Amino acid sequence: MTAKGLFITFEGIDGSGKSTQAKLLAKTLGQQGWDVLLTREPGGSTGAEQIRALVLEGDPDRWSAETEILLFTAARRDHMETVILPALGKGQIVICDRFADSTRMYQGLSRGDLRSIVDTLTALMIQQEPDLTLLIDIDPYTGHSRAKARETKEERFEDFGVALQEKMRAGFIKLAKEFSDRINIIDGNQDIKSVQKMVYDLVKGALK
Ligand code: ADP
Ligand code: TYD
């Protein structure tokens with residue numbers, strides 16, 4: 001399917017402010033009259049939300065990184081087929097809170113080097129990369145404490161601790177250099193309004 005819309009993703013470590021900024025961006029663009037679809041991963045479709053519970057709840061050692069790659073990719077494939085591609089096909093702006101870059105980091109990097117498996121499976125099963133990715137960069141201690149303060153059941157990855165967040169942060173910054181055509185780093189240590197302005201300025205450029 002050929003996409004006509006614009007596909008924007010937010011990435012970053014847990015608690016960096018992705019959901020907050022994704023919602024604010026969707027609201028701003030909606031108020032300007034753009035046709036916006038806000039969605040998230042893991043999840044975003046009925047089937048993928050069911051897989052979300054499997055991967056985010058329970059013992060941190062519940063799944064190997066290899067099994068997780070399959071589960072996250074299965075969830076993403078369903079999300080693409082049923083939600084993202086139809087929306088892009090209609091010309092909508094799709095804003096997605098996390099996407100394949102999260103799998104490149106959390107599964108491809110966290111427990112050994114499995115990047116090539118993630119990339120191969122993504123090329124085979126997902127194909128589409130975002131048009132624009134906003135990487136919210138934040139100090140891992142701040143991110144971890146913001147994320148833990150939420151007190152949900154979905155804490156499998158947060159329970160791996162700050163060390164994992166540090167590794168993911170460094171990995172994301174490296175990834176931004178690798179995909180410098182689409183990934184933009186935003187300083188997430190600033191207040192919500194300042195981050196919102198930086199996000200909007202970058203998106204404005206992509207809307208032209
Ligand atoms: P993520 O989706 O990246 O995990 P959230 O957007 O859910 O992050 O934010 C985590 C918590 O931090 C929330 O309670 C949110 O209100 C708060 N928060 C988000 N952005 C900021 C910011 N720039 N400064 C202070 N607190 C923030
Ligand atoms: P999310 O709900 O976005 O958490 P947060 O708001 O704390 O950033 O995602 C939950 C967890 O899922 C997060 O710790 C990262 C993990 N995750 C992966 O490990 N691989 C993936 O492909 C995705 C999309 C998320």
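**Close-up views of two ligand sites**

**View 1. Helix H1 at ligand 1 in the predicted model.** Helix H1, residues 18-31, contributes three residues to the shell around ligand 1, the most of any contributor. The shell counts 14 residues. Gly15, Lys18, Ser19, Thr20 and Gln190 come nearest. By class, seven are polar, five charged and two nonpolar.

View 2. Taken alone, ligand 1 exposes 550 Å², of which the protein buries 72%. The ligand 1 site is the largest pocket.

**View 3. The shell around ligand 2.** Ligand 2 has 16 residues around it, and Lys18, Arg98, Thr103, Gln107 and Arg150 come nearest. Charged residues number eight, nonpolar five and polar three. Helices H2 (46-56), H3 (65-89) and H4 (100-106) each supply at least two shell residues. H4 has the largest share, with three.

**View 4. Polar contacts of ligand 2.** An N or O atom in the Lys18 side chain is 2.8 Å from an oxygen of ligand 2. For the Arg98 side chain, the distance to a ligand 2 oxygen is also 2.8 Å. A polar side-chain atom of Arg76 lies 3.2 Å from an oxygen of ligand 2. Ligand 2 alone exposes 550 Å², and the protein buries 94% of that. The space ligand 2 takes is the largest pocket.

Conventions:
Residues are numbered from 1 along each chain as its sequence is written. Chains are lettered from A and ligands numbered from 1 in the order in which they are written. This is a predicted model: local features need pLDDT of at least 70, side-chain atom pairs count only at pLDDT 80 or more; totals for chains, interfaces and linings use all residues. Side-chain values use heavy atoms; hydrogens and water are left out. A residue is near a molecule or strand if one of its heavy atoms lies within 4 Å of it. A polar contact is a pair of N or O atoms within 3.5 Å; within protein, one must be able to donate a hydrogen and the other to accept it, and residues adjacent in sequence count only if both atoms are side-chain atoms. Accessible areas come from the Shrake-Rupley method with a 1.4 Å probe; for residues, only the protein chains shown count as cover. On a 1 Å grid over the protein atoms alone, a cavity is a set of points where a 1.4 Å probe fits but cannot get out, and a pocket is an open set with protein on both sides within 12 Å along at least five of seven lines; lining residues have an atom within 4 Å of a point. A molecule sits in a cavity or pocket if more than half of its atoms lie within 2 Å of its grid points. Helices (H or I, at least four residues) and strands (E, at least two) are DSSP runs, numbered from the N terminus. Ala, Val, Leu, Ile, Met, Phe, Trp, Tyr, Cys and Pro count as nonpolar, Asp, Glu, Lys and Arg as charged, and the others, Gly among them, as polar.
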